[in-house]
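Dear colleague,

I am passing on to you the structure we spoke about, and I would be glad if you could look through it before reading my notes. Please keep it open beside this message as you read.

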Amino acid sequence: SDPRAVNVDLQTDATLQVDISDALSERDKVKFTVHTKSTLPNFKQNEFSVVRQHEEFIWLHDSFVENEEYAGYIIPPAPPRPDFDASREKLQKLGEGEGSMTKEEFTKMKQELEAEYLAIFKKTVAMHEVFLCRVAAHPVLRKDLNFHVFLEYNQDLSVRGKNKKEKLEDFFKNVVKSADGVLVAGVKDVDDFFEHEKTFLLEYHNRVKDASAKSDRMIRSHKNAADDINRIASSLYTLGTQDSTDLCKFFLKVSELFEKTRKIEARVAADEDLKLADLLKYYLRESQAAKDLLYRRSRALVDYENANKALDKARAKNRDVLQAETSQQLCCHKFEKISESAKQELIDFKTRRVAAFRKNLVELAELELKHAKGNLQLLQSCLGVLKGNT
Amino acid sequence: MADTVRDPPPDGTDFHELEDGEELFPEPAAAPEESQPASLPAEDISTNSNGPKQDLLFDDDPEDLFAEATEEVSLDSPERDVLLSDGPSPAITPITPPTSVITPRIGHAHDDMFTHSSFDEIEEEEGGDSFDIHISVSDPEKVGDGMNAYMAYKVTTKTSMSLFKQKDFSVKRRFSDFLGLHSKLASKYLHIGYIVPPAPEKSIVGMTKVKVGKEDQSSNEFVEKRRSALERYLMRTVKHPILLKDPDVLQFLESSELPRAVSTQALSSAGLLRMVNKAADAVNKMTIKMNESDAWFEEKQQHFENLDVQLRKLHASVESLVCHRKELSVNTAQFAKSAAMLGNSEDHTALSRALSQLAEVEEKIDQLHQDQANGDFYLFSELLGDYVRLLTAVKGVFEHRMKTWQKWQDSQMLLQKKREAEAKLQFTNKPDKLQQAKDEIKELEGKVQQGERDFEQISKTIRKEVSRFEKERVKDFKTIIVKYLESLVLTQQQLIKYWEAFLPEAKAIS
């Protein structure tokens, strides 16, 4: 098989470029404007847009998973459902508590919650976009018909959410898969590469899960501390306006300082969320998708081995030999095809993973430095003023 | 003289019995500012202070007077006639405090008594040594076992003041000794207007853990918190020029053996202040509005009230910050471990190494957060807590001033009553009783004078104390908050160091 150039950068290919150019948040849904630019002959125009909702992304993802042709690929993980519940709840609580706080406090908190809402909104747009870009960058998946329909068909795709029966079926499929997964994981693979990958992925996936959860907790504490500093700034401001001594100027200056450092602390938490937490969450999903690939290959291997046994049996009994031979050939072919593409996919996965971690860790460190320096400068300049005055 | 206390309604209107329909103030012009009976608001000073109306009310004990008091009535309000003729309702007249001529807003006219109108002009009184004393509380040591165990603290004094026998000395004290000291000082000084710094709070839970011998982090933190609080308490106490010279303080700092403070349960600072507050509530329940002739006191009380509210709010927010910072430290440590595990399982060598470095950085950062949380607490939070407690003492002295005023008023009322009784006796033929009455009056006149002096004195003391307190407050807040900001600077500097060390590691991933 010819070595494929490893393409990590998802935006360089001009033949098909996809992005989410706009998004609208309505009461209980988000409408994404999916914008496509393509030189491929498959499309009627070179540039066009459609509006899609989250369920339609899920439909597309599931259609990939269910397609036997794609068994040998890592299916790009589906974007998580947009979740504004927590944020909406906070906004509602704020509205209820409006009477118990001053006008300034209310306005301030409202601005913050709105900023939080906007941040969540931006994130969900980004995650839906990344999914589409991964598909568009994949040499095989980008040609998928459903994908083209998704991009081009300007009517509602009418993919209603799964009904109860279908959800239950999914549940059992997953149970069977995980039971199988355990079984399959136990069988030692003859191929060293895949044996290594299996061991690696099982452990890696669990550890990413743990790291993702812990990073979320850490970031939440950070946000809480920033909120406290906000309240402290407000209290100091009130003290400053009330005091009749020298302290009034002092308090006002410190209040101003904390207002500013608070914003920086909030940014630190937000950036850690983007560069660290989101990275870990994404690779949690990707590593699961990689595991799913390994599982499919293992199933194909089991099928192949069973077909071999069946063929031996048929030959021994000299009955239905042709049928058994055909079946065995099919299974062999399937298994080899999956193995070949799986190997490449897993190599690409590693390359993508390393690049993404590098990019995000570098950006994280740079942002942490930027914010710490910003904080330091604010603190030192304020101290200069305060000490100079006393 | 007793007569100067009440103002001249001229002639004999004092002892004039009230008859129906009679005007109470036949000579309204006698009161300087109050020529029109109806025009003045109730708060203003009534010159014909104790006047005639007293008759209606003084059948019973003085105590009953006040039990019925529900409303302040100006002697000049037109409704008064109606009220009085209805019988024994309220009408306790607020009596203007000191001397002579009453002018409504006395604040500025009072220069004869208070030589200053702004507290900035009060000079420090301590002559002799400049203030040079430093106290540290250290080396907490558990003495004894089980529930009878206690912590002994070393109290070290370093000073050049001649007040002390040595320059550098230390003693061992236990917590109840500190409480005992405070209760002695409070009983001596609070009621005459000195702001006595409150002792640290008792804590049954905290102390039990220590007694039971739990050598864990929380009980160590408790001991450290207490040690620090005791040190601040002593420093505040000796910074007070009067308290510093008190023999109990000197004994506390110097003598190697201290008699065991008894029943400190009842005398914890909280308990003492509760007693003060109960007394204050009793005064308030009578709802006698003290006719505050001096706007300064009203202003200050309001100021401290507002300050109290705001400080408590700020304190709560800072406590929350301490809590969240500690959480952040714990969560960062957990993340660090998790990142290390992730690094271990990562099979790309360079990335694996970078993840391990990240884990190390986060571990150092979690320690940084822990240290910062301590800074948040010991510098910022405890400062606020101390001042919330101090304000309770401040409010206490204002309440004592009201009590002192009240006592003076009581004596005056009683004197008035006795005088009326004496007047009546003059028309009877009971020479013995008359003499007795005269004697009682003489005694009461003395009491009234003393009451006035006490009130003047406590008012004067409070003005000085408040000025000193405010100066200290400004200094404390400025110094400690600057220190706190400096601790924040250190944290940021460390953060920069850590991330700067990590950045090349991240870039080295290839």
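What follows is a description of the contact between the chains, then of the sheet in each chain, and finally of the salt bridges.

Please bear in mind throughout that this is a predicted model.

I begin with the interface. The contact draws on 63 residues of chain A and 54 residues of chain B, and the area buried between chain A and chain B comes to about 5400 Å², with carbon and sulfur atoms giving 71% of that area. On the side of chain A, the three residues that supply more than any other three are A:Arg207, A:Met218 and A:Leu361, which together account for 10% of the area that chain A buries against chain B.

In one salt bridge the side chain of A:Lys387 meets that of B:Glu486, at 2.3 Å from N to O. As for the elements involved, α6 (192-242), α7 (247-317) and α8 (321-389) of chain A each supply at least two residues of the side of chain A that touches chain B, and α6(A) gives the most, with 26 residues. By residue type, that side of chain A divides into 31 nonpolar, 13 polar and 19 charged residues.

I turn next to the sheet in chain A. Three strands form an open sheet here, in the order β1-β2-β3 and with antiparallel pairing, and the edge strands are β1 and β3 (47-52) of chain A, each of which pairs on one side only. Neighbouring strands of this sheet are turned against each other by 20 degrees on average, direction ignored. Helix α1 (residues 54-66) of chain A packs on the sheet, where it touches β1, β2 and β3 of chain A, and its direction makes about 55 degrees with that of β2(A). Strand β1 (residues 16-25) and strand β2 (residues 30-38) of chain A are joined by nine bridges and form a hairpin with four residues between them; within this pair, A:Asp22 stands opposite A:Thr33 in β2(A). Helix α3 (residues 103-137) of chain A lies across β1 and β2 of chain A and runs at about 155 degrees to β1(A).

Chain B has a sheet to describe as well. Its three strands form an open sheet in the order β1-β2-β3, with antiparallel pairing, and because β1 (133-143) and β3 (168-174) of chain B stand at the edges with a single partner strand each, one side of each is left without a neighbour in the sheet. Strand β2 (residues 150-159) of chain B pairs with β3(B) over seven bridges, and B:Tyr153 stands opposite B:Arg173 in β3(B). Helix α5 (residues 175-189) of chain B packs on the sheet, touching β2 and β3 of chain B, at about 100 degrees to the direction of β3(B). Helix α7 (residues 217-239) of chain B lies across β1 and β2 of chain B, running at about 150 degrees to β1(B).

Lastly, the whole structure holds 56 salt bridges over all chains. One of them joins the side chains of B:Glu382 and B:Arg232, at 3.1 Å from N to O. This pair links distant parts of the chain, since B:Glu382 lies in helix α12 (residues 349-426) of chain B and B:Arg232 in helix α7 of chain B, 150 residues apart.

With best wishes

Notes: Residues numbered from 1 in each chain as written. Chains lettered and ligands numbered in written order. Predicted model: local features only at pLDDT ≥ 70, side-chain atom pairs only at ≥ 80, totals over all residues. Heavy atoms only, no water. Contact = heavy atoms within 4.5 Å. Buried area = accessible area lost by both parts, 1.4 Å probe. Salt bridge = Lys/Arg side-chain N within 4 Å of Asp/Glu carboxyl O. Nonpolar A, V, L, I, M, F, W, Y, C, P; charged D, E, K, R; others polar. Pairing = 2+ DSSP bridges. Axes fitted to C-alpha atoms, helices over the stretch in contact; angles between N-to-C directions.
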